[in-house]
Every structure is written in C-alpha cells, then in structure tokens.
Amino acid sequence: MGSRTGDRAPVRPGRSARRGRRTGSAVLPGPLAPAPHPLVRALGLLAVVAAGAWLGLLAVGGVRAPVGPVDTSMALRPSLTGGTSINVSPLGALDLDSHTAPIRLDVDVDQLDPVRSRALVEHPERISGLQEEITADVLDGTRELAVRSCVAVVSGATALGLAVYRRPRRALAAGGLALALLAASGASAYATWNPKSVLEPRFSGLLSSAPSVVGSARSIVTEFDVYQKELARLVTNVTKLYDATSTLPTYQPDPATIRVLHVSDIHLNPASWHIVGSLVEQYDIDLIIDSGDTMDHGSAAENVFLNPISSLGAPYVWVRGNHDSAATQEYLEGLRNVHVLDGGRAVTVAGVRVAGVGDPQFTPDRSVVAAGDDAERAAGRRLAEALRAQARAGTPVDIAVVHNPVAAHQTDGAVPLVLSGHVHRRVNEVLPNGTRLKIEGSTGGGGLRAVEKEEPEKVHASVLYLDRDTRRLQAWDEITLGGLGLTTAEVARHVPDEVLPGASPSPDPSSTPTGTPSGSPSGSPPASPASPAPQASPAARASSAPPAEARQPPGRSAPTTPPQPARTPAPAPRP
C-alpha cells in the first residue's frame with residue numbers, strides 16, 4: 001500500500017490551489033482567496049469606468065470646428081453642474097446655464113479666420129444669413145464632438161479595465177458601461193436644456209491683478225486715489241468687453257429706453273462715487289435711485305461726503321436708511337439735482353414716477369431703543385396707502401423705494417416695482433400680488449467696515465431698463481466688482497419671465513381701481529408696442545415735473561424703424 005501511494009503522479013501546483021492536496025486517500029483543503037463583496041466590485045468597476053472615460057475625454061475628446069468667422073475648439077468635460085463655458089482669451093469667459101448634467105461643454109475661441117472675416121467685410125449682405133450659418137456650424141461641430149466623445153470614453157474605459165482586471169470580458173463590460181453613462185448624461189442634458197440661458201449670460205474676467213494696480217494691501221491706504229480710479233476704469237473696460245464679446249441674440253434698446261441705476265448701502269466708501277460716475281457715463285443713465293445707508297453714523301461731519309452727488313451726471317433720487325440721520329436728509333435736500341423722498345412723497349424724474357419713504361429707525365442713536373420690524377411694517381403700510389392714493393388721482397407710481405425689505409413687502413399689489421437695500425445682498429422675487437421686489441447689495445462694498453472681514457465684500461449695482469411708454473421693467477444688468485483691493489468684475493444679464501418671447505402679460509399691480517381692496521390687483525395691461533419717444537431735456541431731467549422737451553444726445557439718433565414689441569431680450573450696455 002505504501003508503494004501504491006508513492007506511485008501516484010504528483011499533483012500540479014495549479015490544481016493544488018483549487019482542489020487541495022492529497023495525503024494518502026484523503027483530500028485536504030488548500031488556501032482560497034476570499035471573494036470580494038458584490039457592492040465593492042460594483043464600486044470598483046464604476047471607479048475604473050469613470051477614470052477611464054475622463055482620461056479618454058482628455059486625450060481625444062475635443063474637436064476643432066469653424067463657427068462663422070472664428071475657429072473654435074469644442075470639448076466635453078466632467079462637471080458637477082453642467083452648463084456651457086465659452087472662453088474668449090484673453091478677455092474672459094461667457095458662462096451659460098444651458099443644461100444640468102455631469103458633463104460641461106467647453107468652447108474655446110481660438111482665432112479669427114482672416115479669409116472668412118474679409119468675406120463678411122467685402123460682402124455685407126452675408127451678415128443677414130450669419131445666424132443660420134453659425135447655427136449650422138455649431139450643429140456640425142456638436143455631432144462630430146458627440147461621435148468622438150463616444151469613441152473616447154469607450155476606448156479609455158476599456159483600456160483601463162483591461163489594465164486593471166486583465167480579463168477581456170471585464171474590460172468590454174467597462175467600455176459598455178462607459179458608453180451607457182455618456183448616453184444617460186446626454187439624455188439628461190437634452191431633457192434639461194434651457195434655451196433661455198443665451199439671454200442671461202455671465203461675463204467674467206480678471207483684467208489685471210491687484211498688486212500690479214495698487215501694490216500690496218498696505219499701499220491701498222496711502223494710494224487710495226489710484227485704487228478708486230482703477231475701479232472706475234475697470235467698470236468702463238468690462239462693460240465695453242462685455243458688449244464686444246457677447247455675440248448672442250441680445251436686444252439693443254431703442255433710443256427711448258429709460259435706464260435707471262440702482263445703488264444702495266454705500267456706507268461712506270469714497271470709491272463708490274467714481275464707480276457710479278463711470279456707470280452713468282458708460283450706460284448713459286437717465287436716473288439714479290439710492291435706497292439708503294449712504295452714511296455710516298449720520299453725523300454732520302460726514303455731510304461733505306455727499307457733495308459729489310450733484311456732479312454725477314444724472315438726477316439722484318434718495319430715501320433715508322437706518323444709518324442716515326435727519327441731518328443727512330436735510331443736507332441732501334439742499335443739494336442740486338437731488339430728490340429726497342419721505343412719507344410717501346412722489347416725484348416724476350426722467351419720465352419715471354417714483355415714491356418712497358425713509359427708514360423710521362436711526363440705529364446709530366444708542367439713546368433710542370430700536371422699534372424693530374413693527375416700525376418698518378408701519379412705514380411700509382403708510383407708503384402703500386400713498387401709492388394707492390396716487391393711483392386713484394390718476395398719477396400711478398412706477399417705482400417705490402424703501403430701505404428695509406420688511407417695509408417693501410407691505411407695498412405688494414400697489415406698485416409694479418419696489419426697490420430696497422439694507423441686507424447687503426441681492427434678492428429678486430415677485431411677491432404674491434404681482435409686485436417685483438429687487439434688493440440691491442452694497443454699492444460701497446460694505447463701506448469702511450469691509451476691512452473687518454477676512455474677505456472684502458463685493459461692490460454691487462444694477463442697471464434697470466424700463467419701457468418708455470409703460471415704464472415696465474424690460475431687463476436688468478447686475479454689475480459686481482471685487483471688494484477692497486480687488487479688480488475682478490462680472491456683468492450678469494437678466495430678463496423677466498413675463499417679457500420673454502411667448503410669455504403672457506403679467507398683472508399690473510398699480511391698476512387697482514377705486515374701491516378695490518388693497519393688495520389685490522384687478523387689471524392686466526395690454527401688450528402694447530413700445531413705440532420710441534424722445535428723451536427729456538437736461539433741464540427737465542432734474543425737475544419733478546414730467547419732461548416737456550425732447551432731446552437727442554450724442555450717439556442717440558432718432559429712430560426710423562417701426563415700433564417694436566415691448567417683449568424683448570436683455571439690453572446691452574451702450575459703448
């Protein structure tokens with residue numbers, strides 16, 4: 001028996017690991033590797049697929065495509081939010097919220113093709129068909145990009161799967177899963193496609209770094225005049241670049257469009273006057289509305305800070321904030337070109353009827369206990385009653401102005417648009433009864449208190465575009481500058497839903513007839529065309545009476561085209 005056992009053929013090493021080893025006539029179990037959990041295997045496969053697809057897109061996922069007179073590079077990139085980014089080097093980038101998917105479309109404008117550009121110059125009639133040509137070029141480039149992206153993700157995931165698992169079946173499974181994920185991402189992008197995004201682009205760019213403009217942070221104190229001049233120059237440059245690089249189908253306002261600059265919470269920042277003056281000149285502003293907190297402590301010693309208001313180049317409408325004292329208000333009432341609103345008083349400036357009420361609380365006065373939101377609501381109710389009285393008298397108000405948003409909510413249903421500030425951040429909402437509330441951030445970047453924070457507060461202002469006939473809001477541009485010592489800038493364009501093509505007219509909050517309960521709008525304005533009308537004369541712009549004379553300033557020619565509908569995309573800043 002011993003010889004018979006010894007005569008057995010030796011077991012091959014590969015078999016001993018799987019079947020065990022024999023000792024005599026018994027089979028003893030061999031060492032076995034533990035099988036991984038199915039969830040761990042699935043997560044590992046997903047990680048391999050994601051990494052391989054990303055590497056494939058980076059390697060071969062881009063295409064070069066001519067779009068009109070420019071040469072572009074298109075590529076898909078992984079992203080958490082999706083969207084489209086159009087890079088115009090070295091000017092900056094144009095970002096669109098075009099879709100929501102784990103992929104982002106990057107378009108780099110490489111260069112202007114001299115041959116196609118010369119053809120447009122020599123044959124201007126081709127410009128009429130340029131939009132169709134660009135649309136066709138984009139579609140062709142997108143199709144090629146889709147095919148190449150499919151090949152890229154499948155190749156990348158398959159190659160990485162073969163390198164990790166060393167099994168062809170696993171590698172092919174990784175490639176198939178990558179293709180399925182890309183198809184799902186494409187379906188998500190198609191389902192969430194937002195065609196309105198082209199009407200609300202965000203343009204941003206770093207024009208110059210802070211050290212090259214004003215040196216270190218310490219030198220801001222000693223060279224503050226240089227800093228504020230550079231901020232004003234930055235406003236001009238950014239708006240020009242925004243106008244020059246935005247080739248989207250945007251609306252160019254006719255010469256009768258009313259442009260209102262909304263500022264708030266300047267808080268004694270002297271750089272704000274340079275910024276406001278630059279915006280007035282760049283956008284050809286007709287009216288400036290300040291929703292308060294121009295001061296910080298409201299002392300008489302601060303009043304000299306208000307002197308530049310008279311030379312800003314546009315009428316200035318102001319309401320008192322909780323940091324503005326009665327002495328501040330009295331001083332402003334004596335300045336030229338300034339209209340102080342309080343107690344529901346209404347004035348007509350630059351063709352716009354504006355009413356407002358000052359903040360009932362002066363918080364720097366520590367000897368008085370603040371009344372809180374109850375006082376704000378009471379002030380808002382007084383303003384709402386004044387607005388309804390104006391409507392009954394046949395002089396409806398177009399814009400109401402308060403400082404605290406708590407008071408602004410009380411005007412819902414009594415006015416189409418109400419402006420406020422106080423909270424140092426932008427808020428835009430339509431209240432339940434149809435009034436649009438726009439809260440502006442701090443145009444002074446938080447004022448002198450900005451140095452108390454680790455990061456400087458940004459500078460905010462908005463340009464509102466009103467139809468000349470209806471005085472209704474057609475669009476607005478939100479302008480954001482970097483805070484103290486920074487020179488970044490962004491201009492975001494917005495269009496109300498009610499004026500987008502195909503939208504139904506919104507209710508008119510100010511059309512409540514006599515006897516109708518307050519807060520319940522009862523009328524809807526007809527979709528009347530916005531026929532051009534001449535602007536007011538310089539003398540009438542500063543008066544409280546409606547404009548009586550027409551003017552055509554430089555750069556504004558009398559319109560010769562037929563009247564256009566009031567529903568328009570967003571306007572562009574005027575160079």
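Visitor: Is Asp398 buried or partly exposed?

Guide: Good place to begin! This is a predicted model, in which local features need pLDDT of at least 70 and side-chain atom pairs count only at pLDDT 80 or more, while totals for chains, interfaces and linings use all residues. Residues are numbered from 1 along each chain as its sequence is written, and side-chain values use heavy atoms, with hydrogens and water left out. Buried means under 20% relative accessible area, exposed over 50%, and partly exposed in between, with a 1.4 Å probe and protein chains only. Asp398 has 5% relative accessibility, so Asp398 counts as buried.

Visitor: Which residue's side chain meets that of Asp398 in a salt bridge?

Guide: A salt bridge here is a side-chain nitrogen of Lys or Arg within 4 Å of a carboxyl oxygen of Asp or Glu. Asp398 has a partner at 3.4 Å, N to O.

Visitor: What separates Arg148 and Glu144 along helix H5?

Guide: Their side chains meet in a salt bridge (3.9 Å, N to O). Arg148 is partly exposed at 36% relative accessibility, and Glu144 is partly exposed at 39%. Because they are four residues apart in helix H5 (residues 130–165), the separation is about one helical turn.

Visitor: How far apart are the closest N and O atoms of Arg104 and Asp106?

Guide: Arg104 is partly exposed, with a relative accessible area of 25%, whereas Asp106 counts as buried at 13%. The two form a salt bridge, and their closest N and O atoms are apart by 2.6 Å.

Visitor: Which helix gives the largest share of the nonpolar patch?

Guide: Patches are made of residues with over 30% relative accessible area and no salt bridge, where like charges are joined within 9 Å and nonpolar side chains (Val, Leu, Ile, Met, Phe, Trp, Tyr) within 5 Å. Leu39, Leu43, Leu46 and Leu181 make a nonpolar surface patch of about 370 Å². One of them, Leu46, is partly exposed at 39%. Three residues of the patch, its largest share, come from helix H3.

Visitor: Which residues of H3 are buried?

Guide: H3 has 23 residues and covers residues 38–60. Its buried residues are Val48, Val49, Gly52, Ala53, Gly56 and Leu57.

Visitor: Which residue in the turn between E3 and E4 has a positive phi?

Guide: Strand E3 (residues 63–67) runs antiparallel to E4, with five bridges joining them. Within this pairing, Pro66 stands opposite Asp71 in E4. The strands form a hairpin with two residues between them, and the one with a positive phi of about 65° is Gly68.

Visitor: How many of the nine residues of E4 are buried?

Guide: Strand E4 covers residues 70–78. The strand is largely enclosed by the rest of the structure, because the number of buried residues is seven.

Terms used. Areas by Shrake-Rupley, 256 points an atom, 1.4 Å probe, with all protein chains shown as cover. Expected span 1.5 Å × (residues − 1). Pairing = 2+ DSSP bridges.
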